[in-house]
Amino acid sequence: MSLVNFTTREITCKIVYYGPGRSGKTSNLQYVYGQVPDDRRGRMVSLATQTDRTLFFDFLPLDLGSISGFTTKFQLYTVPGQVYYNATRKLVLQGADGVVFVADSQMRQLDENIESLQNLHVNVLEHGIDIRTLPMVLQYNKQDLPRELILAPEELDEALNFRALQAFPADALHGPGVFETLKAISAEVLRRLSAAAPGRR
Amino acid sequence: MSTTTVVESWTEGPLVRFVAQASARLVVVMTPAGQVLAQHGFTRAVDLMSASALGAAIMASSGEIAKQMGEPSFGTLYHAGKKHGIHLAPCETPRGRLIVLTVFGKETSIGLVQVFFDEFVAALKQAAPARQQTGPVLAADFERELNNSLASLFRR
Amino acid sequence: MSEQLMRALDRLSRVRGVRGSMYVAAEDGLPVAQLLMENVNGKVLAAFAASLARKVSGAAAATGGGRVRFVQMLSAGGVLLVAGVGGELLVAVVADPGVNVGLARLEMLRAAETTA
Amino acid sequence: MADDIRALSTALARDPSSLRYVDLAEALRRRGQLQEAMQVALHGLGRHPGHADGYDCLARIHSDRAELSEARAAWERVLAILPEHLGALKGIGFLYFRQGDVRRASEALEHALAVDPADEATRRALAAVRGEPAPARRSGPARTRAALQPAPEPAPAASVVTAAPATPAAPAAPVAAAASAAPHAPAVSAASAPSARPPVFGGLEGATTDILLLDARGLVMAGGLSAGDGSDVSELAAAALAGVSGEAERTCEYMALGAWTAIVAEAEHANVVLAPASEGAVLMVRRERSTPVGLALRIADRARGAAVRWLQSVGV
């Protein structure tokens, strides 16, 4: 549920980057952090183990500036991808306004992707939310790897994208696709607050 | 410098009173998802955004441990440091469940913070309006502005 | 340890007019052991006894009195007594206005020694 | 001093980005024009957000306005910028002392002394906080500085504008002196000199050495308090005692005890009795440890009567 402050005209939204372990969720946030001017971002918090895996979550507050007269702020979170961190994954999902599912394009990671996506559905349901109402986009990361190691976006669509969501090929480590993904989820999330939203409550 | 930010005005009166009574350095009222609903005090004490994200995470994870142990909830968490203490506790209001993070120094004590926190919770309960329905917030053509914002964000 | 504390509090509660007695963690203002009548709020007693003792002992030191050992606050509706000031554990008592402060004080100093 | 202010204002108008805003704010503060001082300081800090001396000055203004938590925040900000800032360390020490936290006050002052071991004011403040006899205070620099301050217009005892931290006129108020040591010599109030105080407790033993009447802000109204060596410590004691009556009121309210009538502190060397006079004024009586508490309470009651009568007679 986006937080809207009508007095100071401020909107705050929570976006969670979800996906299997080492698919590049933290890389997305790090790239954003590195690109955005100092005054438009807050401190990036990473609760990581020494092996570079996210232990609990990464957190990055972003200031999008003024939209329709509202100062718009996004809080980007990642979840730990490893299967055994499901409890914390579920906690971070709480109150999410939108989800970016970061898939690992490597052929051998396909099962992990599918499993993580199913896990997302289960966790969202446990928060009492119908996944079909939750703004979501997909990102097919690591498309920079050699062809023979990865699946093409069309193949990944076939395997993961049965809801025909927007999907973006990406190389999160170096930037391609990161911006497009963030832009798409931002639009999805904000659309729910706009006059254009179909069937608003 | 002391600052106040209040997203929903009904929180302000009880919040300011609580900070003064308990001699707290900083009090942050947040949603269980870690969004700041109101804060008052010396923000230099912590980075506000990350503190509330982390505070909400602590509450959520300790609540989860409680659940696994068959406890209804652990309620209040308190950590004492050398110079500062934090008090983290949930608060049920008609507006839903909220979480309150209190940062305090040695000029007060956890005992005093708890006494006044109970009053604060009662005051919040009384002041909270029921959940309100909201109309559209953004104009239908918000996407153009969003694109401009994001473009400037990424310096494109 | 806690049995010893409770015994001391029990002796204190036998002083006529005492409504409640407790050991308080001085720094935290939290009850450690308590023996209270029903209408005495232990959390409140602990928090304020510790806070008042701290403020009074700081002020008294500024008057050249040196280290404070015992504080009493008299009021229209009762008496608040704090012993063991300056240590880690305080002994706090709330009593009726007519309580024999001398007697309560002796028992409190004994109770404070229990923990010293 | 008015000329000073004029000159500083002119200089600042010529070069608004100058750091001399601190001197102007300080000059205004010393004259008791706290509102103006605050405006100048805040304006300057708007231009120089990382300027430690600006925050130090702001803290002193807050302190004079009895806004202690704001003063603390400003001094902490100074220390965040310059961890060894002498003025801020002393200021924090004073605030702790005022809250009755002798241990932390000592720590802050020890830190200050480590930064500048030659600072006599800090040394004396530390001795006073620890309850030690003050070293060589008769010729201390703070006293000299205070003596050099031109005395402002005499103010009625009950309406002294100077808040506690800024009252080192009395040579034996070392913490106050330390909190605002040179080059920030504070405002001097005529009423702070023991001889200038009204003789309210005449006829009572220790009328000018062991009985003190202070207002809710911690300012001395009448009586006096002497240290072991005969020097006057009224200002320091009053500042430290001010917090007690508020805390007593709050305690009584939350414990449903009605109005407080007296507080007795039995200390190593003395029994100290506090009693509310009228309109937030508080009376303090100090008696030797050997004086029975019951007797000390009786004496305090008589002194309280005298204080209330005097307060009524001067229309406070």
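1. In chain D, D:Ile211 stands opposite D:Val285 in strand β5, and the pairing of strand β1 (residues 210-214) with β5 (residues 282-288) is antiparallel, with 4 bridges joining the two. Strands here are DSSP runs of type E with at least two residues, helices are runs of H or I with at least four, and both are numbered from the N terminus; two strands pair if DSSP finds at least two bridges between them. This is a predicted model, in which local features need pLDDT of at least 70 and side-chain atom pairs count only at pLDDT 80 or more, while totals for chains, interfaces and linings use all residues. Residues are numbered from 1 along each chain as its sequence is written, and chains are lettered from A and ligands numbered from 1 in the order in which they are written.

2. β1(D) is also joined by 5 bridges to strand β2 (residues 220-225) of chain D, again running antiparallel, and D:Asp210 stands opposite D:Leu225 there. The two strands form a hairpin with 5 residues between them, and D:Gly218 in the turn has a positive phi of about 90 degrees.

3. Why is β1(D) described as largely enclosed by the rest of the structure? The reason is that 5 of the 5 residues of this strand are buried, where buried means that 20 or more other C-beta atoms, placed from the backbone, lie within 10 Å of the residue's own.

4. Between the chains, 39 residues of chain D are in contact with 32 residues of chain C, contact meaning C-beta atoms, placed from the backbone, within 7 Å. On the chain D side, α11(D) gives the largest share, 11 residues, and by class this side has 25 nonpolar, 9 polar and 5 charged residues. Here Ala, Val, Leu, Ile, Met, Phe, Trp, Tyr, Cys and Pro count as nonpolar, Asp, Glu, Lys and Arg as charged, and the others, Gly among them, as polar.

5. Strand β3 (residues 68-75) of chain C pairs with β3(D) in the antiparallel sense over 7 bridges, and the bridge partner of C:Phe70 in β3(D) is D:Glu266.

6. Leaving aside residues up to four places away in sequence, C:Ala49 touches C:Val24, C:Leu80, C:Val82, C:Leu90 and C:Ala92.

Note on methods
Contact = placed C-beta atoms within 7 Å. Buried ≥ 20, exposed ≤ 12 C-beta atoms within 10 Å, placed from the backbone.
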